[in-house]
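Q: I have a protein model open and would like to go through some of its side chains with you. Could we take it slowly?

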Amino acid sequence: HDNKPIELWSNKVIKEKIDYIHNNPVEAGLVYHPEDYVYSSVLDYSGEQGLIKDVTVFRLLS
């Protein structure tokens, strides 16, 4: 009922949405930094290995 789909039509929009997702635990007061949230994929996006294996990282188009 509350889902509002957003078309990911540019690299800018994609990055905004990924950053929004990664910052949710910070905004909720669970952690101070996105990479501190154990279930976040932010580490996978920085080239490191996060807790969950086989995370598909979305690559921006050039």
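Q: Which residue does D19 form a salt bridge with, and how far apart are the closest N and O atoms?
A: D19 forms a salt bridge with K15, and the closest N and O atoms are 2.8 Å apart; the term stands for a side-chain nitrogen of Lys or Arg within 4 Å of a carboxyl oxygen of Asp or Glu. Please keep in mind that this is a predicted model, where local features need pLDDT of at least 70, side-chain atom pairs count only at pLDDT 80 or more, and totals for chains, interfaces and linings use all residues. Residues are numbered from 1 along each chain as its sequence is written, and side-chain values use heavy atoms, with hydrogens and water left out.

Q: Why are D19 and K15 separated by about one helical turn?
A: Because they are four residues apart in helix α1, where a helix is a DSSP run of H or I with at least four residues, numbered from the N terminus.

Q: How many salt bridges does the structure hold?
A: It holds two, and K12 with E16 is one of them, the closest N and O atoms being 3.9 Å apart. K12 and E16 also both lie in helix α1, four residues apart.

Q: Is K12 buried or exposed?
A: K12 is exposed, with a relative accessible area of 61%, whereas E16 is partly exposed at 38%. Buried means under 20% relative accessible area, exposed over 50% and partly exposed in between, using a 1.4 Å probe and protein chains only.

Q: Changing topic, where is D44, and is it buried or exposed?
A: D44 is in helix α2 and is buried, with a relative accessible area of 12%.

Q: What does the side chain of D44 reach?
A: The side chain of D44 reaches the backbone nitrogen of G50 at 3.2 Å. Leaving aside neighbours within four places in sequence, D44 is in contact (heavy atoms within 4.5 Å) with Q49, G50, I52, V55 and V57.

Q: And the rings, why is the pair of Y37 and Y39 edge-to-face?
A: The count comes to one aromatic pair. The rings of Y37 and Y39 have their centres 6.1 Å apart and their planes at 70 degrees, so the pair is edge-to-face; rings of Phe, Tyr and Trp (its six-membered ring) pair if their centres lie within 6.5 Å, and planes under 30 degrees apart count as stacked, over 60 as edge-to-face and the rest as tilted.

Q: Is Y39 buried or exposed?
A: Y39 counts as exposed, at 55% relative accessibility, while Y37 is partly exposed at 29%.

Notes:
Helices (H or I, at least four residues) and strands (E, at least two) are DSSP runs, numbered from the N terminus. A polar contact is a pair of N or O atoms within 3.5 Å; within protein, one must be able to donate a hydrogen and the other to accept it, and residues adjacent in sequence count only if both atoms are side-chain atoms.
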